[in-house]
Amino acid sequence: MNYELVCGLETHVELATKTKIFCSCTTEFGAEPNTHCCPVCIGLPGTLPKLNKAVVEYAVTAGLATHCEINPDAKMDRKNYVYPDLPKAYQISEYDQPLCRNGYVELASGKKIRLTRIHIEEDAGKLVHERGNTLIDYNRGGVPLIEIVSEPDIRSIGEAAEYVEQLQAIMRYIGVSDCKMQEGSLRCDVNVSVRPQGSDRLGTRTEIKNMNSFSHMTKAIQYEMDRQIDLLESGEDVVQETRRYNEETGCTEGMRGKEDANDYRYFRDPDLVAIRVTDDMVAALKAKMPEGPQKRLARFQTEYGLPEADARLLIDRRRIADYFEAAAKGTKNPRTVANCILGPIFSRLDSDAAKDEFRVSVSPENLNALVGLLDAGKIRKNLVKSTLEKMLDTGKPAAAFLSEKDLAGVNPDDLRKICEQAAADNPNAVKDYRGGKEKALKAVLGAVMKMTRGRANPQEAEKILTQIMKA
Amino acid sequence: MVTHEDVLKIANLAKLSVAPEELDGLTKDMNEIIAFADTVSAASADVSDFDNINGLSNVFREDVPVPSYRREDILKNAESSEDGYFLVRRRR
């Protein structure tokens, strides 16, 4: 029997606020343990949480960017569970009145993955297990998160990966999160079930917790699908449970049995007042939102005439897309600008992290000036790349490497002389050409370009060479 | 009515162990606590939104960092600590 995957994701995204959700401790990553803490975020009795305004604004912005309805009347609840990463023994979250509901994320195929909800909550501390003991760092405790819950609309591993990539791109674009999976600022819980192809019933699902890389996520879904299909094929049932992906074995393992299934006993947090999102607040946030990646992708193709694949690489990161637009401003050759970025510049940024940072020694204005010389016919295309390489090496503008002579081009009399010289230097090529081998002209043309260091206009040179070599 | 099973479930969620001889007493206590709280339900009131009787909303804090506490102060109440971490020892 053929089976299909039915998959939904819960994605946790750490918000890019400067401070935690309920206190004014910094959210900065990578500090010494327990140095970004105060009585509120270590849960001391008698402390009072106070909601960070930016958290609400970021969450509503995330909702708007994913076509959600914004709940005008949200509130916060306590989710009770006892585990040392939560010093209060409850997490402040949103239960039945989340900030955003009923949105969607659109895949390249046009398929929409529906979003059930987006709610705000606090992150837990970090546990380090050592020699049977547990060490706790509460720096991450109280860092604001949004949890984005999708409907089980995902039908393939490819769709799951694309969905997360889309979310990552959207959240980065609107600036609500840097979404670095390696630093844990984007993590997914994946709900997986299988069913016979064509069936419209949902099978029993399992939940794989805390996927923090694309490769682990795709491997975990594949493993879990195969495991569930094996169970069903051998007449057994899938047990609804929470599972963990073991990176070493590549397998998923059950985490807890059904008997102690969680009972969170949600209730309203009496320390926090209602969140009323007014139409005015929504309008103000809408007005501040940048253009989304989907729209920008379409515009890069129509406005700049870029091929889709190139446009995709550029819009993937907002910083790079912004750089491209600044560099391509007013030019007749936007594709050359794109090629400069995707070629010489990208080849110097060899990791995803380096591309995220996008530290480039050439300013977009200097790249714009370089391409401006091409627009004005002062240099040829082949000189653009080599000049850009020199600019990248030194951080200096194009003018530093192009002499007056370079920029002046080659005057027609000189060009004729150089062409004659090139033909004289390559008698075999000339003979071949006269014998009917038209391609032989290219070899001589190459020699001309070399002699002029790329300054000659190749069309002009070809015209002159044709005259000389035919004679 | 709260039963022995309810008490055991709540104890389990709170990670408490309850000895068999304590069950009767705890069950009785819990029934009395809930009966006491029921007097609130019995009272007549015009307010329907008990969640927010003070009518407050949108009490926000600006997103401006202030220095955190010193680590030795944060760890002061910890039963034990190690290398700047709170330490939870394995139960023997």
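What percentage of the 92 residues of chain B count as buried? The figure is 18%, where buried means under 20% relative accessible area, exposed over 50% and partly exposed in between, with a 1.4 Å probe and protein chains only.

This is a predicted model, in which local features need pLDDT of at least 70, side-chain atom pairs count only at pLDDT 80 or more, and totals for chains, interfaces and linings use all residues. Residues are numbered from 1 along each chain as its sequence is written, chains are lettered from A and ligands numbered from 1 in the order in which they are written, and side-chain values use heavy atoms, with hydrogens and water left out.

**View 1. Chain B as a whole.** Chain B comes to three helices and three strands. Helices (H or I, at least four residues) and strands (E, at least two) are DSSP runs, numbered from the N terminus. The pattern along the sequence is α-α-β-α-β-β. The radius of gyration of chain B is 22 Å, whereas a compact globule of 92 residues would have one near 12 Å. That radius is taken over C-alpha atoms, and the globule rule is 2.2 Å times the number of residues to the power 0.38. The C-alpha trace of chain B spans about 50 × 50 × 15 Å along its principal axes.

**View 2. Surface and charge of chain B.** Chain B carries 11 positive and 18 negative side chains. Lys and Arg count as positive, Asp and Glu as negative; His and the chain ends are not counted. The centres of the two sets lie 13 Å apart, with each charge placed at NZ of Lys, CZ of Arg, CG of Asp or CD of Glu.

**View 3. Two loop residues of chain B with positive phi.** Most residues other than glycine have a negative phi. B:Asn58 has a positive phi, near 50°. B:Asn58 sits in the loop between helix 2 (23-42) and strand 1 (60-61) of chain B. Its relative accessibility is 24%, so B:Asn58 counts as partly exposed. B:Asp83 also has a positive phi, near 50°. The loop that holds B:Asp83 runs between strand 2 (81-82) and strand 3 (85-88) of chain B. B:Asp83 is exposed, at 61% relative accessible area.

View 4. A:Leu186 lies in strand 12 (residues 186-196) of chain A. A:Leu186 is buried, with a relative accessible area of 0%. Beyond its neighbours within four places in sequence, A:Leu186 is in contact with residues including A:Thr11, A:His12, A:Val13 and A:Val164. Contact means heavy atoms within 4.5 Å. A:Gln182 is in the loop between helix 2 (157-173) and strand 12 of chain A. A:Gln182 is exposed, with a relative accessible area of 59%.

View 5. Chain A is divided into domain 1 (3-284), domain 2 (291-408) and domain 3 (412-470). These bounds come from an automatic or database domain assignment. The centres of domain 1 and domain 3 of chain A, taken over C-alpha atoms, are separated by 66 Å. A:Glu460 lies in helix 16 (residues 458-470) of chain A. At 38% relative accessibility, A:Glu460 is partly exposed. A:Glu460 and A:Leu415 are 8.5 Å apart, C-alpha to C-alpha, and 45 residues apart in sequence.
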